[in-house]
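Colleague: I would like to learn how to read a fold like this one. Can we go feature by feature?

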Amino acid sequence: MQDLTMQIAQIVPCTEAEGPGKRFAVWFQGCPLRCPGCCNPEFLPFKGGHTRTLRDLIDELTRARDESGVEGITLMGGEPTSHAAASLALAQASRQLGLSVMVFSGYTVEELNARGDATVAELIATTDILVDGPYIREQPDTERRWIGSRNQRIHFLTPRYSLDEQWRQKNTLEIRVDKDGISVNGFPAADAVGLWKGWRRKKPLPTVTTQSVEHAQGTDTR
Ligand code: SF4
């Protein structure tokens with residue numbers, strides 16, 4: 001099992017920009033959706049990224065827990081449910097290490113359940129927080145930290161987390177400079193999306209006021 005391989009676009013071993021507390025963030029390489037304005041267009045093709053083993057990632061995750069005090073893993077994309085076996089293996093390993101599991105999916109939970117895929121169902125059963133639904137550029141969320149657009153819902157699937165004060169703070173953007181260059185993660189202000197990656201909007205963002213679109217508060221939830 002530990003020889004299981006997975007296609008990884010990016011890992012940030014300790015971040016506060018991808019969910020509650022300090023988290024080990026994993027971006028898979030490959031997503032079948034094409035949300036206009038996606039923050040990570042280079043993570044959409046299924047070819048590319050780095051091939052990593054489950055064993056490697058568990059070692060890295062264990063180090064992040066012991067040395068940086070991360071409290072959980074966050075799986076995103078790419079689309080984690082398109083890498084369901086790897087996502088489930090990482091979620092189970094996290095639980096075994098006493099860490100929480102947060103998953104961002106571009107599909108709604110209803111769409112995921114309708115698939116009838118046992119691995120996806122088990123992944124959901126091993127998840128503490130599921131953020132679901134596609135990113136809709138015209139509905140930027142400025143009130144729920146870590147969330148891209150107002151249509152997306154936060155499902156607290158275990159008692160471990162709730163919609164507490166942390167979620168009400170402003171979105172967080174982290175910029176790292178190391179030997180490999182500059183990396184950025186977290187959700188930026190709408191006008192800054194993609195700027196650091198060298199691509200620019202063909203059209204300016206439409207102006208969306210809080211009055212013009214009803215804020216979808218989410219289930220129980222985000
Ligand atoms: S689901 Fe996420 S990764 Fe996939 S296109 Fe939409 S925003 Fe991008």
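Colleague: Is Tyr 135 buried or exposed?

Modeller: Count neighbours. This is a predicted model, so the answer is computed from its coordinates. A residue is buried if 20 or more other C-beta atoms lie within 10 Å of its own. Tyr 135 has 23, so Tyr 135 is buried.

Colleague: Where is Tyr 135 found?

Modeller: In the loop between E6 and strand E7 (153–156).

Colleague: Which residues is Tyr 135 in contact with, leaving aside its neighbours within four places in sequence?

Modeller: Cys 35, Gly 37, Cys 38, Gly 148 and Ser 149. As for Tyr 107, its C-alpha atom is separated from that of Tyr 135 by 9.7 Å, and the two are 28 residues apart along the chain.

Colleague: Which residues come nearest to the ligand?

Modeller: Tyr 135 again, with Cys 31, Cys 35, Cys 38 and Gly 106, out of 13 residues around the ligand. By class, the shell has 7 nonpolar, 4 polar and 2 charged residues.

Colleague: What about the backbone of Trp 146?

Modeller: Trp 146 has a positive phi of about 75 degrees, although it is not a glycine. Trp 146 lies in the loop between E6 and E7. Trp 146 counts as buried because it has 26 C-beta neighbours inside 10 Å.

Colleague: Where is a cis peptide bond?

Modeller: Look at omega. Between Gly 77 and Gly 78, omega is about 0 degrees, and the bond is cis. Gly 78 lies in the loop between E4 and H2.

Colleague: Now the strands. How do I read the two faces of one?

Modeller: In a regular strand, side chains alternate between the two faces of the sheet. Take E5. On one side sit Ser 100, Met 102 and Phe 104, and on the other Val 101 and Val 103; all are buried, and both faces are covered. With 5 of its 5 residues buried, strand E5 (residues 100–104) is therefore largely enclosed by the rest of the structure.

Colleague: Which strands do the bridges join to E5?

Modeller: Strand E4 (residues 72–76) is joined to E5 by 4 bridges, and the pair runs parallel. Strand E6 (residues 129–132) is joined to E5 by 3 bridges, also running parallel. Follow Val 103 across. Val 103 is the bridge partner of Leu 75, and Val 103 stands opposite Leu 130 in E6.

Colleague: What do E4, helix H2 and E5 make?

Modeller: A right-handed β-α-β unit, with H2 covering residues 84–96.

Colleague: How do I read the nonpolar core?

Modeller: In soluble globular proteins, nonpolar side chains tend to be buried together. Here the largest nonpolar core has 41 residues. Phe 24, Val 26, Trp 27, Ile 73, Leu 90 and Val 103 touch the most other members. Several elements each supply at least two residues, among them strand E1 (5–15), strand E2 (23–28), helix H1 (54–68) and helix H4 (118–125). H2 gives the largest share, 6 residues.

Colleague: Which residues is Val 26 in contact with, beyond its neighbours within four places in sequence?

Modeller: Ile 8, Ile 11, Ile 73, Leu 75 and Leu 90.

Colleague: And the whole chain: how many helices and strands?

Modeller: The protein chain has 4 helices and 9 strands. Read along the sequence, the pattern is β-β-β-α-β-α-β-α-α-β-β-β-β. Of its 222 residues, 37% count as buried. Among contacts between residues at least 6 apart in sequence, 70% join residues at least 24 apart.

How values were computed
Residues numbered from 1 in each chain as written. Predicted model: local features only at pLDDT ≥ 70, side-chain atom pairs only at ≥ 80, totals over all residues. Buried ≥ 20, exposed ≤ 12 C-beta atoms within 10 Å, placed from the backbone. Pairing = 2+ DSSP bridges. Right-handed = clockwise from strand over helix to strand, strands pointing away. Core = buried A, V, L, I, M, F, W, Y, C linked by C-beta atoms within 7 Å. Contact = placed C-beta atoms within 7 Å. Near = placed C-beta within 6 Å. Nonpolar A, V, L, I, M, F, W, Y, C, P; charged D, E, K, R; others polar.
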